[in-house]
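Trainee: I have a new structure to read. Could you walk me through it, one feature at a time?

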Amino acid sequence: MHANKVILGALALLVTAAAGFAAGTANSQEAAKSPLSAEHKWLASLAGDYTVKVSGMMGESDGTHRIESKLGGLWSVSHFESKMMGQPFQGLEVMGFDPLKKKFVSIWVDSMNPLMTTLEGTYDADTKTLTMRGLSRGMDGEKAEMVNTTKFRDGGMVFSMNIEGTPGPLMTIDYNQKK
């Protein structure tokens, strides 16, 4: 009787393992059918090290920015360092392309804001401009619609941070890729 229970238990484990293997193979086959989109490849092409010049309401400073292509090219992770109002400032962004929304998506966190900012937007190839929108905190501490634009050029880009309803950009950052 005990031997029968052991054999039945072993058979159950074998069937479970086979089912798991079959599901894993199916998932692997689906992944092989889903190559990176053109948007993912474009995002990965931005990887590199940049010098930055920040200007705006919080003063001017120099800094660095590193973009790394991660997780098979599906996501980019950016590390930003500079000074804001004379204090060290660090920021991190994770950005990818959501094929269901057909939009770029990102999260931004930094050393001056305890809130995470989520953004989504589109890239216009004709103007070489990425426009991202999301909710953040305005200068008054209240919720505010953020509109960020990044205009790409050979060897770099120019980023502008805007809050809906306020004149001009709060901040502009000029990025130059290191050789």
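Predicted model: local features only at pLDDT ≥ 70, side-chain atom pairs only at ≥ 80, totals over all residues.

Trainee: How many helices and strands does the protein chain have?

Mentor: Start any reading by listing the elements. Here the protein chain has 2 helices and 10 strands. Then read their order along the sequence. The pattern is α-α-β-β-β-β-β-β-β-β-β-β.

Trainee: What share of the residues is buried?

Mentor: A residue counts as buried when its relative accessible area is under 20%. Of the 179 residues in the protein chain, 32% are buried. Look at the surface too.

Trainee: Now the helix. Which residues of α2 are buried?

Mentor: First the general idea. An α-helix has 3.6 residues a turn, so residues three or four places apart point the same way. Now the case. Helix α2 spans residues 38-45, and its residues His40, Trp42 and Leu43 are buried. These three cover an arc of only 160° around the axis, so they sit on the same side of α2.

Trainee: Which residues are exposed on the other side of α2?

Mentor: Ala38, Lys41 and Ser45 are exposed there.

Trainee: What do the buried residues of α2 pack against?

Mentor: Strands. The buried residues of α2 pack against β3 (75-84), β4 (87-98), β5 (103-110), β6 (113-124) and β8 (143-153).

Trainee: Next, the rings. How many aromatic pairs are there in the whole structure?

Mentor: A search finds 7 aromatic pairs. For each pair, check the distance between centres and the angle between planes. Planes over 60 degrees apart count as edge-to-face. Take Trp42 and Phe152. Their ring centres are 5.1 Å apart and their planes stand at 80°, so this pair is edge-to-face. Trp42 lies in helix α2 and Phe152 in strand β8, so the pair ties together parts that are 110 residues apart in sequence.

Trainee: Is Phe152 buried or exposed?

Mentor: Phe152 counts as buried, because its relative accessibility is 14%. Phe152 also forms an edge-to-face pair with Tyr123, at 6.0 Å centre to centre and 70° between the planes. Tyr123 lies in strand β6 and Phe152 in strand β8, so this pair ties together parts that are 29 residues apart in sequence. Tyr123 has 26% relative accessibility, so Tyr123 counts as partly exposed.

Trainee: Which residues form the aromatic cluster?

Mentor: Trp42, Phe97, Phe104, Tyr123 and Phe152 form one cluster.

Trainee: Last, the strands. In which sense do β4 and β5 pair?

Mentor: For strands, ask about direction, bridges and the link between them. β4 and β5 pair in the antiparallel sense over 8 bridges. Gly96 has Val105 in β5 as its bridge partner. The two strands form a hairpin with 4 residues between them, and Lys102 in the turn has a positive phi of about 60°.

Trainee: How many bridges join β5 to β6?

Mentor: There are 6 bridges, and β5 and β6 run antiparallel. Phe104 stands opposite Gly121 in β6. A hairpin links β5 to β6 through 2 residues.

Methods. Residues numbered from 1 in each chain as written. Heavy atoms only, no water. Buried < 20%, exposed > 50% of the residue type's maximum accessible area, 1.4 Å probe, protein only. Arc of directions from axis to C-beta. Contact = heavy atoms within 4.5 Å. Phe/Tyr/Trp six-rings, centres within 6.5 Å; stacked < 30°, edge-to-face > 60°. Pairing = 2+ DSSP bridges.
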